Amino acid sequence: MIRLYGSAMSGNAHKVRMALAFLGLDWHDEVADAATRQSEAFRALNPMAQIPVYVEGDFILRDSQAIVAYLAARHRPGDWDGRTPEERGQIMVWLSHAANEIFNGPALLRAERLFGWSIDRERATAVAERILPVVDAHLENRDWLVGDRLTIADIAASPYLALAPDGGIDLDAWPRLRDWTRRIAALPGFPSMPGWPAAPLAA
Ligand SMILES: N[C@@H](CCC(=O)N[C@@H](CS)C(=O)NCC(=O)O)C(=O)O
């Protein structure tokens, strides 16, 4: 049985939950709160003391981008991770944005508001203001970030953008981005999380 160390409010853990749910795989959620993450047992799974961590038998993998890339390679090779070298390169762009600008902008603003993280708000706001228009413009004539279907680019980039209102960002200012997060939340099997519920698209 796959075990996923995470928490209900973690957008990074949600990337993995989305991939597992869309793939129709069974898994067991292991809640790893702040105290647990500092324990010796948890650090043996992830020396970075962070969630998510994916455990399948004796295979242990940390980092949400790495985990969704692994799941794509294992279960949807040449589809979720790109059909062509060009698509693979484009997908990597979004995995990098997910780990960098999307985390250091919208996700940190949310973490400050919801969890009291101490952040450099000016910098996080500047990072958010830089990435949000880029995503919105990219989605002008397309439904998905890369190609004509869901890929791990969408899975990795979407949670902290969908959850941006938790950090005080109004997604109505970015309607193409907002509608893309709604498209994802309407996909069969989408797992709800607080702040981003599964919902069918309006007719
Ligand atoms: N690059 C990692 C970042 C993981 C991360 O920042 N996890 C947060 C929760 S969403 C965490 O565990 N924070 C606790 C800490 O950094 O001490 C990933 O994408 O999985």
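Helix axes are described here as lines fitted to C-alpha atoms over the stretch in contact, and the angles between them run from 0 to 180 degrees between N-to-C directions. The structure is a predicted model, in which local features need pLDDT of at least 70 and side-chain atom pairs count only at pLDDT 80 or more, whereas totals for chains, interfaces and linings use all residues. Residues are numbered from 1 along each chain as its sequence is written. Helices (H or I, at least four residues) and strands (E, at least two) are DSSP runs, numbered from the N terminus.

H1 and H4 pack with their axes 8 Å apart and at an angle of about 15°. H1 is therefore roughly parallel to H4, a label given to angles under 35 degrees, while those over 145 are roughly antiparallel, those from 65 to 115 roughly perpendicular and the rest oblique. H1 contributes Asn12, Lys15, Val16, Ala19 and Leu23 to the contact, and H4 contributes Ser64, Ile67, Val68, Leu71 and His75; two residues are in contact if their C-beta atoms, placed from the backbone, lie within 7 Å. The residues of this contact between H1 and H4 comprise six nonpolar, three polar and one charged. In this classification Ala, Val, Leu, Ile, Met, Phe, Trp, Tyr, Cys and Pro are nonpolar, Asp, Glu, Lys and Arg are charged, and the others, Gly among them, are polar.

Helix H8 (residues 152-162) is mostly covered, with eleven of its eleven residues buried. A residue is buried if 20 or more other C-beta atoms, placed from the backbone, lie within 10 Å of its own, exposed if 12 or fewer do, and partly exposed in between. The buried residues of H8 pack against helices H1 (11-23), H4 (64-75), H5 (85-99), H6 (101-115), H7 (121-138) and H9 (175-185). With H9, H8 forms an angle of about 115°, the axes being 10 Å apart, and the crossing is left-handed. Asp154, Ser158, Leu161 and Ala162 of H8 meet Leu177, Thr181 and Ile184 of H9 in this contact, which has four nonpolar, two polar and one charged residues.

Trp94 lies in helix H5 and counts as buried because it has 23 C-beta neighbours inside 10 Å. Leaving aside neighbours within four places in sequence, Trp94 is in contact with Leu145, Val146, Ala153, Ala156 and Ala157. The C-alpha atoms of Trp94 and Asp154 are separated by 7.9 Å, although the two residues are 60 apart along the chain.

The peptide bond from Ile51 to Pro52 is cis, with omega near 5°, and Pro52 lies in the loop between helix H3 (40-45) and strand E3 (53-56). Ala49, in the loop between H3 and E3, has a positive phi near 55° and is partly exposed, with 16 other C-beta atoms within 10 Å. Asp63, found in the loop between strand E4 (59-62) and H4, has a positive phi of about 85° although it is not a glycine. Asp63 is partly exposed, with 19 other C-beta atoms within 10 Å.

How values were computed:
Left-handed = near helix turned anticlockwise from the far one by under 90°.
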